[in-house]
Amino acid sequence: MSSVDMETMVSLCKRRGFIFQSSEIYGGAGGCWDYGPLGVELKRNVKEAWWKAMVHDRDDVVGLDASILMNPQVWVASVHVQQFSDPLVDCKACKNRFRADNLKETKCPDCGGELTEPRMFNLMFKTFMGPVENDAAVVYLRPETAQGIFVNFQNVMSTSRRKLPLGIAQTGKSFRNEITTGNFIFRSREFEQMEMEYFVKPGTDDHWFQHWLEQRFNWYVKLGIKKDNLRLRPHAKEELAHYAKGCYDVEYLFPMGWSELEGIANRGSYDLEQHSKFSGKDLSVFEEETKERFVPYVIEPSAGVDRSVLAFLLDSYHEETVEKEKRVVLRLHPALAPIKVAVLPLSRNEKLVPLATEVHASIRGCFMTQYDDSQSIGRRYRRQDEVGTPCCVTVDFQSIEDKQVTIRDRDSLHQIRIPIETLRATLLAKLAGENFDVLPPGGSLVTGGKS
Ligand code: GAP
């Protein structure tokens, strides 16, 4: 399990500008969260890492950005209108509401009052399209991004001139009117998904299902999640949708226990068949080589951006004692860290400022950087550690003489002194994973105490 409890993480996220309660000055908006200056960088980095692995690094996957509002028939075909519901009970005394399937007791967990009989509650948010608010104008905020992919399958196939197997990936907001939200950003009413529908020829689906199970598990490991905190859990028969051939959850050991980060399902041809039936459009493909026509099967890895952000934050959190003081450090993978390099002049002395500004200007186009000259250098190091900045560059008085700066490594606390002219290339190499103690020409290891 991660070494930090949820309360500590919520407090760090608020204090350091990662995540705030939505509309906080008005008392909040139930189950909605806002990402602050550092949180938005982290979240963008998570989505970019996913996009790179799923789209840019592959020849068989393309991207899509479908609209959130769709023709309401989409949600009839996908049976969300009929079935996307959870059982809801009300407490007759305190009026609080609960998901019946999450309750262990038969009384209200808040006041012990009597509960109503469960009734099904549809999780889709409704709104109206156009100026008239009647039944004919009802549309839904999408509860998943996947349907935008299915309804564009033919468009993408024909315009990208691709053959199967073909994946279509998209990231974006989804909305679910969850009966109970909680565990910080784990379950909210507005969240982001990273979904990919991988269309394959029936008969090859088992192979591709295995492929995506491995790929998706390894994605989290490569970005730093400890293997011990991650598992693939197969769905039991009764959990599986009637059409699904198989489904696994990638689970993370959150402070509240093992919980879902991502679902990976073999959905057969169900989705395309449903949309074919309801739209009247033929969504089958013709395979030239075999002269066969068939409706593709779909393998779907469907991940939550917010849950991934939470897992990366929790898993990277470390507390240790350095020089008799507590150090909190987020050991985030450099690709995810919101700030990659902090430039810290030893002081605000007017002799140092021009060089420090010049050093900062020479690297800021390459990385997300921060220039920080307030308070003692020790406190500034701690601030950067707590938000996961992998490298701190210190400009001191000697730098004016020898045109060298010091780089401090967040994890080992090792320091190297290198010529300013090699700084950009050295930082690029360190952030790409080069051993920190490897030195550029003219560089040296700084010996002495850790800070
Ligand atoms: N298209 C399939 C689909 O949407 P899902 O298991 O309902 O499957 C996929 O959702 C992922 O979306 C989940 O694994 C989770 O990471 C994320 N997710 C779902 N509901 C969420 C919520 N209320 N808050 C935050 N993330 C959520």
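Me: First off, how many disulfides does the structure hold?
Reply: The structure holds zero disulfides, a disulfide being a pair of cysteine sulfur atoms within 2.5 Å. Cys32 is in none, and its nearest cysteine sulfur, that of Cys13, is 17 Å away. Cys392 is in none either, with the sulfur of Cys391 as its nearest cysteine sulfur at 7.8 Å. Please keep in mind that this is a predicted model, in which local features need pLDDT of at least 70 and side-chain atom pairs count only at pLDDT 80 or more, while totals for chains, interfaces and linings use all residues. Residues are numbered from 1 along each chain as its sequence is written, and side-chain values use heavy atoms, with hydrogens and water left out.

Me: And is Cys392 buried or exposed?
Reply: Cys392 is buried, with a relative accessible area of 1%; buried means under 20% relative accessible area, exposed over 50%, and partly exposed in between, with a 1.4 Å probe and protein chains only. Cys32 also counts as buried, at 19% relative accessibility.

Me: OK, zooming out, how many helices and strands does the chain have?
Reply: The chain has 13 helices and 24 strands, where helices (H or I, at least four residues) and strands (E, at least two) are DSSP runs numbered from the N terminus. Its C-alpha trace spans about 75 × 65 × 45 Å along the principal axes, and buried residues make up 50% of the 451 residues. Of the contacts (heavy atoms within 4.5 Å) with a separation of 6 or more, 64% are between residues 24 or more positions apart.

Me: Switching to helix 10, which of its residues are buried?
Reply: In helix 10, which runs over residues 353–363, the buried ones are Leu355, Ala356, Val359, His360 and Ile363. Seen down the helix axis, these fall within an arc of 135°, so they line one face of helix 10; the arc is that of the directions from the helix axis to the C-beta atoms. Glu358 and Ala361 are exposed on the other side.

Me: Why would residues a few places apart point the same way?
Reply: An α-helix has 3.6 residues a turn, so residues three or four places apart point the same way.

Me: What covers the buried residues of helix 10?
Reply: The cover includes strand 19 (341–345), strand 20 (369–371) and strand 21 (391–395), together with helix 12 (397–402), strand 22 (404–409) and helix 13 (423–431).

Me: Now helix 6, which of its residues are buried?
Reply: Helix 6 (residues 153–160) has Phe153, Val156 and Met157 as its buried residues. They cover an arc of only 100° around the axis, which puts them on the same side of helix 6, whereas Ser158 and Thr159 are exposed on the other side. The elements packed against the buried residues of helix 6 include helix 5 (146–150), strand 9 (166–175) and helix 8 (270–279).

Me: What comes just after helix 6?
Reply: Just after helix 6, Arg161 takes a positive phi of about 45°. A cis peptide bond, with omega about 0°, joins Leu164 and Pro165, and Pro165 sits in the loop between helix 6 and strand 9.

Me: Last one, where does Lys95 lie?
Reply: Lys95 lies in the loop between strand 4 (85–90) and strand 5 (97–99), and its phi is near 70°, a positive value in a residue other than glycine. At 60% relative accessibility, Lys95 counts as exposed.
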